[in-house]
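Reader: I would like to learn how to read a ligand site. Please take me through one.

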Amino acid sequence: MVDVAAVRLNNGVGMPQIGFGVFRVPEEETVSAVSAAIEAGYRGIDTASLYGNETAVGRAVAACGLPRTDLFITTKLWNDDQGYRSTFDAFDRSLTRLGLDHVDLYLIHWPVPAKGAYLDTWRAFEEIYASGRARAIGVSNFQPWHLQPVLDQGRVVPAVNQVELHPRFQQEEVRAFGRAHGIVTEAWSPLSRGDVLTDPVIVELSRRYGKTPAQIVLRWHVELGNVVIPKSVTPSRIRENIDIFDFALTADDLAAIRGLDRAARTGPDPDGGQKPAGYSSTGGRWVSDG
Ligand SMILES: NC(=O)c1ccc[n+]([C@@H]2O[C@H](COP(=O)([O-])OP(=O)(O)OC[C@H]3O[C@@H](n4cnc5c(N)ncnc54)[C@H](OP(=O)(O)O)[C@@H]3O)[C@@H](O)[C@H]2O)c1
């Protein structure tokens with residue numbers, strides 16, 4: 001079994017650097033997939049209210065026989081539930097489905113700027129955090145200009161920002177903002193849903209290291225300091241994806257992968273394709289010029 005490195009969040013809580021993602025894993029397959037992941041050494045599980053499989057994640061967690069403190073469970077608040085009061089109800093429903101009395105990380109799934117509710121939602125998150133029912137709170141799919149108001153008006157700095165991130169979409173701006181403010185960047189679709197695995201640069205590195213293309217890409221994430229949450233329902237891939245702690249890429253390898261950035265999202269844009277006009281970075285702060 002692989003021993004996974006941990007990153008330290010801004011409140012001192014340790015988070016496994018590789019977790020197991022379960023987006024689009026049907027409820028009936030989730031128990032076996034999560035059980036296989038835990039067996040292989042994963043201790044972090046990433047689900048969401050949207051995924052419809054929190055109950056199955058909870059069943060796999062209950063059945064695994066590990067102490068709760070060994071596991072790091074993340075879930076997310078869906079967009080429809082944003083708002084101060086509705087957040088508490090949605091959180092209770094997630095805990096009930098998971099069969100847990102707390103989660104390790106609770107995330108706002110998308111900023112949905114048009115709804116204008118993420119700051120009220122964040123106030124509720126801060127209370128949930130203060131109650132101890134989430135050991136850490138964070139956001140997902142937030143750009144720096146969505147995060148800046150949270151930093152300006154909130155009391156708790158988000159511990160994590162989970163965003164689409166892979167060699168073809170490297171999110172330099174988001175990662176730099178996270179580094180500057182102590183927010184860990186967590187990569188969703190870290191394998192670009194498999195698309196990047198046939199890239200010639202990745203294939204060549206795979207040949208040179210005797211590692212699979214997925215292992216090269218996941219190792220790259222780890223060396224950048226990202227948390228990663230690859231998804232697979234294939235037992236051999238579940239094991240393969242976590243087996244990346246016995247080699248290291250060189251600075252030249254990292255530079256070669258740096259060259260693969262195409263600023264190419266595979267998923268939705270949090271601003272619906274348009275960066276809001278009039279926002280710029282001034283001395284590291286993202287402010288509206290208007
Ligand atoms: N916050 C958000 O908005 C958001 C959005 C999307 C995803 N996520 C999270 O991020 C997790 C991962 O993202 P993702 O599922 O979109 O994409 P991903 O992990 O980049 O890719 C998953 C795909 O790659 C395949 N795969 C996995 N390991 C492989 C390997 N070693 N070799 C070849 N193919 C491999 C899987 O196939 P098989 O399953 O058939 O093996 C699956 O088709 C999700 O499960 C979810 O937890 C969050």
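Reader: How far is an oxygen atom of the ligand from an N or O atom in the side chain of D46?

Author: For D46 the distance to the ligand oxygen is 2.7 Å. The protein buries 88% of the 910 Å² that the ligand exposes when taken alone, with areas from the Shrake-Rupley method and a 1.4 Å probe. This is a predicted model, in which local features need pLDDT of at least 70, side-chain atom pairs count only at pLDDT 80 or more, and totals for chains, interfaces and linings use all residues. Residues are numbered from 1 along each chain as its sequence is written, and side-chain values use heavy atoms, leaving out hydrogens and water.

Reader: How many residues surround the ligand?

Author: A residue counts if one of its heavy atoms lies within 4 Å. There are 29, and D46, S189, K231, S232 and T234 are the closest. A polar side-chain atom of Q162 is 2.8 Å from a ligand nitrogen.

Reader: Which residue does R93 form a salt bridge with?

Author: Side chains of opposite charge can pair when their charged atoms come close. A salt bridge is a side-chain nitrogen of Lys or Arg within 4 Å of a carboxyl oxygen of Asp or Glu. R93 pairs with D81, with the closest N and O atoms 3.3 Å apart. The whole structure has 19 salt bridges.

Methods: Polar contact = N/O pair within 3.5 Å; in protein donor to acceptor, adjacent residues only side chain to side chain.
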